[in-house]
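Here are my notes for someone opening this one for the first time. Have the viewer ready and go through the points in order.

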Amino acid sequence: MTEADVDAVSAVRVHGWQAAYRGLMPQAYLDAMSVAADAERRRSWFGRRSPEVSDLVAERDGEVVGWACVGPARDPDIAPGAGELPAPRPTAGELLALYVAPGLIGTGIGRALMSAGTARARAHGFHTLYLWVVRGNTRAQRFYERAGFVPDGAEEAYEVGGVSVPELRYRRSLVLGAG
């Protein structure tokens, strides 16, 4: 992904949220999401992100149709030593995002992004890859389970438009030959 892709990535993300989270998050919140506002936040963040964070895009006919982002795991229970100086090199990564244009879900774009993201996570030295998925997003849960992820028992909720939205954490070993 380059900075020139930010607007297209924001469109994929916002439209992905609006499609995937219908019925799982307040509709008023989803309807109010703005591609322009998301792009502004993303552009600000893009230049400051850690070198261990990889943003990847999928293109079809020169148009961005998917986006994935991997980086170091953020959860303190799986990223030990994060407060230590010098901080140890993280061995746990996180799939921070994976979105495909809603009309192209099921065409292999998500699998290609997952494969590229997993390869990038391994290249960064991550042994395990984690992700969070909204409870009730059964399509995403099935996708991640087919990709080898399993729930690890952790659950967390965050507030979206005044409503608590529960998420489940999944994990997958990246060590070749490991289960």
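1. By class, 30 nonpolar, seven polar and 13 charged residues make up the lining of the largest pocket. In that count, Ala, Val, Leu, Ile, Met, Phe, Trp, Tyr, Cys and Pro are nonpolar, Asp, Glu, Lys and Arg are charged, and the others, Gly among them, are polar. Keep in mind that this is a predicted model, where local features need pLDDT of at least 70 and side-chain atom pairs count only at pLDDT 80 or more, while totals for chains, interfaces and linings use all residues. Residues are numbered from 1 along each chain as its sequence is written, and side-chain values use heavy atoms, with hydrogens and water left out.

2. The volume of this largest pocket is about 1400 Å³. A pocket here is an open set of points on a 1 Å grid over the protein atoms alone, where a 1.4 Å probe fits, with protein on both sides within 12 Å along at least five of seven lines; lining residues have an atom within 4 Å of a point. Points are joined across faces, edges and corners, and the volume is the space filled by probe spheres set on them.

3. Which residues lie nearest the centre of the largest pocket? They are Tyr21, Ala97, Leu98, Tyr99 and Tyr144, out of 50 lining residues. Strand S3 (92–100) is among the elements that give two or more residues to the lining, and S3 gives the most, with seven. Helices (H or I, at least four residues) and strands (E, at least two) are DSSP runs numbered from the N terminus.

4. Now for the rings: the whole structure has five aromatic pairs. One of them is Trp17 with Tyr21, edge-to-face at 4.9 Å centre to centre and 90° between the planes. Rings of Phe, Tyr and Trp (its six-membered ring) pair if their centres lie within 6.5 Å; planes under 30 degrees apart are stacked, over 60 edge-to-face, and the rest tilted. Trp17 also pairs with Tyr29, and this pair is tilted because the planes are at 45°, with the centres 6.4 Å apart. Trp17, Tyr21 and Tyr29 form one aromatic cluster.

5. Buried or exposed? Both Trp17 and Tyr21 are buried, whereas Tyr29 counts as partly exposed at 35% relative accessibility. Buried means under 20% relative accessible area, exposed over 50% and partly exposed in between (1.4 Å probe, protein chains only).

6. Have a look at H5. Its residues Ala140, Gln141, Phe143 and Tyr144 are buried. They cover an arc of only 160° around the axis, so they sit on the same side of H5; the arc is that of the directions from the helix axis to the C-beta atoms. Arg139 and Arg146 are exposed on the other side of H5. Arg146 and Arg111 are 35 residues apart in sequence and 9.8 Å apart in space, C-alpha to C-alpha.

7. In the loop between S4 and H5 you'll find Asn137, which is buried with a relative accessible area of 9%. Asn137 and Leu24 are 113 residues apart in sequence and 7.7 Å apart in space, C-alpha to C-alpha.

8. Last, Asp61 is in the loop between strand S1 (54–60) and S2. Its phi is near 55°, a positive value in a residue other than glycine, and Asp61 counts as exposed at 81% relative accessibility.
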